[in-house]
Amino acid sequence: MPKKPQRAESLRPRENILGENIRYLLKQQDKTVISLAKAIGVSHKTAYHWTQGRNSPDSVSRQKLCDYFRITEAQLFSKGLAQGFAKTSEEDAL
């Protein structure tokens with residue numbers, strides 16, 4: 001049988017706006033992913049995957065996140081919240 005052709009990777013970079021915003025908010029409030037996970041009632045691995053962009057929270061978890069950080073859901077997904085945060089983390093790595 002002939003093999004299926006391999007799917008080419010997208011040339012467009014994957015944006016992780018939600019993960020960047022969560023990491024930014026955690027850093028601003030001096031909290032850890034584990035404390036976030038305990039507060040909203042999810043596994044710490046799940047919360048870590050959110051910050052890395054591997055998956056995103058469901059609607060109930062998103063609402064709990066917003067309540068935890070005291071922000072709106074629109075702010076959670078906005079590009080301007082963690083603007084410049086990626087640049088500073090790259091500078092810290094150097």
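Residues are numbered from 1 along each chain as its sequence is written. In this predicted model, local features need pLDDT of at least 70 and side-chain atom pairs count only at pLDDT 80 or more, while totals for chains, interfaces and linings use all residues; side-chain values rest on heavy atoms, without hydrogens and water.

The protein has 6 helices and 0 strands. Helices (H or I, at least four residues) and strands (E, at least two) are DSSP runs, numbered from the N terminus. The order along the sequence is α-α-α-α-α-α. The protein comprises 94 residues, of which 26% count as buried. Buried means under 20% relative accessible area, exposed means over 50%, and partly exposed lies in between (1.4 Å probe, protein chains only). Contact means heavy atoms within 4.5 Å. Among contacts between residues at least 6 apart in sequence, 60% join residues at least 24 apart.

Two packed helices are described by the angle between their axes and the distance between the axes. Axes are lines fitted to C-alpha atoms, for helices over the stretch in contact, and angles run from 0 to 180 degrees between N-to-C directions. Helix α1 (residues 17–28) packs on helix α3 (residues 44–52) at about 115°. Their axes are 6 Å apart. The two helices are therefore roughly perpendicular to each other. Angles of 65 to 115 degrees fall in that class; those under 35 count as roughly parallel, those over 145 as roughly antiparallel and the rest as oblique. From α1, the contact involves G19, I22 and R23. From α3, it involves W50, T51 and Q52. These residues divide into 2 nonpolar, 3 polar and 1 charged. Here Ala, Val, Leu, Ile, Met, Phe, Trp, Tyr, Cys and Pro count as nonpolar, Asp, Glu, Lys and Arg as charged, and the others, Gly among them, as polar.

Helix α3 also meets helix α2 (residues 33–40). The axes of α2 and α3 come within 8 Å and cross at roughly 120°. This pair is therefore oblique. V33, I34, L36, A37 and I40 in α2 face H44, A47, Y48, W50 and T51 in α3 as contact partners. By class, the contact has 8 nonpolar, 2 polar and no charged residues. W50 and T51 also take part in the contact with α1.

The structure holds 2 salt bridges. A salt bridge is a side-chain nitrogen of Lys or Arg within 4 Å of a carboxyl oxygen of Asp or Glu. One joins E15 and K79, with the closest N and O atoms 3.5 Å apart. This pair links distant parts of the chain, 64 residues apart. E15 lies in the segment before α1, and K79 in the loop between α5 (73–77) and α6 (85–93). E15 is exposed at 57% relative accessibility. K79 is exposed at 57%.

The other salt bridge pairs R62 with E73 at 2.9 Å, N to O. R62 belongs to helix α4 (residues 59–69) and E73 to helix α5, so the pair ties together parts 11 residues apart in sequence. R62 is partly exposed at 21% relative accessibility. E73 is partly exposed at 33%.

D30 is exposed at 72% relative accessibility. R70 is exposed at 77%.
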